[in-house]
Amino acid sequence: MNLYEYQAKELFAEAGIPVPQGRLADTPEAASAAAAGLGGRAVVKAQVPIGGRGKAGGIKVGASPAEIESLARRILGMEIRGFPVRRVLVEEAAEIQQEYYLSITVDRAKEANVIIASAAGGMEIEEIAENRPEAITKLWIDPAVGVRPYKARTAADAAGYDPKAAPAVEAILPALYGILRRYDATLVEINPLAFLADGRVVALDGKIEIDDNALFRQRPLVERFQEAGPAPGVHPLEARANELGLAYVKLDGEVGIIGNGAGLVMATLDMVQRHGGRAANFLDIGGGAKAEVVRNALSLIFADPDVKSVLINVFGGITRGDEVAKGLLSVIEQIELKVPIVVRLAGTRAAEGQKLLAGSPLTPAATFAEAAQKAVAAARGGSR
Ligand code: GDP
Ligand code: MN
């Protein structure tokens, strides 16, 4: 889950990291009112879940509420790389002396969190890495020690921040690490961390990525920040799958796929392709899948209007073929079969499973290739 800038800044403020005063607005009039509350001069910032808004024209400074209103009107009508701008953040306009980069992320190879700091802030870190790799400082964090003030000062010094900014960084960096730990973030980034003309050090932008695998234990955060409706850019069926706890990806073919194990599902997509068809989705129901999971999986696939046939490919290891067959039979009693379903079972008690399916409306297949062939042919043959 990626937080919007205004959300990241809320967490920053709560952790004691200085952020500019500001307010969220979803109309030009509200933006104007927000600017008036800030004394007139303000910056208007598009709230979209991606970076590079500045370059795209999504960030503008205005000198009066009237100017802010017209800037907000323009920005609220924009679409930044596919994301329509629904809200803007109106903030006191900072007088920037220097822009720094500061983040903490996960270094998988080192199995540690890493502080990344650079005095070349403002641009994207990928850009700095490409053009001026020597301008990037990395410091790894020992989890038993955490981020102490001396570590923060080392980072600020090594990155080449102004020494007058160092005391502020001594407070900001430990707080940033606290956010990463508390919210299971894989990235907390401040870019730019601005050293202002008046000597203050302020987070002018914020980016926080929460580990999706930790969302189960971050319910309060999810409830606070997850917005109604599917996240922008997420297919409605994928949003539904997420609610059902299914590993599902929408694709653009016509054969619905259900398998157990990501590798087997990927192989199934390939096999369908090889037989001249195209998969409508990726869907892994995992090992030891219960009837309930099979039912959810089928109802999800039936909700996809592109699906013309379904291929169920289950390999029994711990999962038993007869259990899967019983699950399927109980499911098809309860939901209407909208398209032909081809089932291939292999492994533990597969023969018993296939026997149970005989006489049912499901089409059995003895081999992987036969299953793909039948599913592709069924998809071509029309909707039934
Ligand atoms: P991004 O382009 O999506 O990363 O958005 P940022 O929030 O990082 O803003 C991009 C740039 O806009 C910053 O690097 C600053 O140069 C500028 N900017 C952002 N906020 C302010 C502000 O309050 N005052 C001024 N003068 N410039 C700002
Ligand atoms: Mn930025």
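**Entry 1: Q47**

I looked up Q47 and found it in the loop between β2 and β3 (59–62). Strands here are DSSP runs of E with at least two residues, helices are runs of H or I with at least four, and both are numbered from the N terminus. The model is predicted: local features need pLDDT of at least 70 and side-chain atom pairs pLDDT 80 or more, while totals for chains, interfaces and linings use all residues. Residues are numbered from 1 along each chain as its sequence is written, chains are lettered from A and ligands numbered from 1 in the order in which they are written, and side-chain values use heavy atoms, with hydrogens and water left out.

I then read the accessibility of Q47, which counts as buried at 3%. Buried means under 20% relative accessible area, exposed over 50%, and partly exposed in between, with a 1.4 Å probe and protein chains only. The side chain of Q47 makes a polar contact of 2.9 Å with the side chain of E5. The side chain of Q47 also reaches the backbone nitrogen of Y6, at 3.0 Å. I apply the term polar contact to a pair of N or O atoms within 3.5 Å; within protein, one must be able to donate a hydrogen and the other to accept it, and residues adjacent in sequence count only if both atoms are side-chain atoms.

P192 is found in strand β10.

**Entry 2: ligand 1**

I listed the surroundings of ligand 1 and counted 17 residues, the closest being K45, R53, G54, A94 and E99. A residue counts as near if one of its heavy atoms lies within 4 Å.

A polar side-chain atom of K45 is 2.6 Å from an oxygen atom of ligand 1. For A94, a backbone N or O atom lies 3.0 Å from an oxygen atom of ligand 1. An N or O atom in the side chain of D205 is 3.0 Å from an oxygen atom of ligand 1. On its own, ligand 1 has 560 Å² of accessible area, and the protein covers 82% of that. These areas come from the Shrake-Rupley method with a 1.4 Å probe; for residues, only the protein chains shown count as cover.

I then asked which elements give two or more residues to the shell around ligand 1. They are β2 (42–46), β7 (96–107) and β10.

**Entry 3: residues with positive phi**

I looked up R81, where phi is near 40°, a positive value in a residue other than glycine. R81 lies in the loop between β4 (79–80) and β5 (83–84), and I noted it as exposed at 58% relative accessibility.

For R349, phi is near 55°, again positive in a residue other than glycine. R349 is placed in the loop between β17 (341–347) and α12 (350–357). With a relative accessible area of 38%, R349 is partly exposed.

**Entry 4: C-alpha separations**

L76, in helix α3 (residues 65–76), is buried at 17% relative accessible area.

G287 sits in the loop between β15 (281–284) and α10 (291–302) and is exposed, at 66%. From G287 to Q21, 266 residues apart along the chain, the C-alpha separation is 50 Å.

V61, in strand β3, is partly exposed at 46% relative accessibility. The C-alpha atoms of V61 and P49, 12 residues apart along the chain, are separated by 20 Å.
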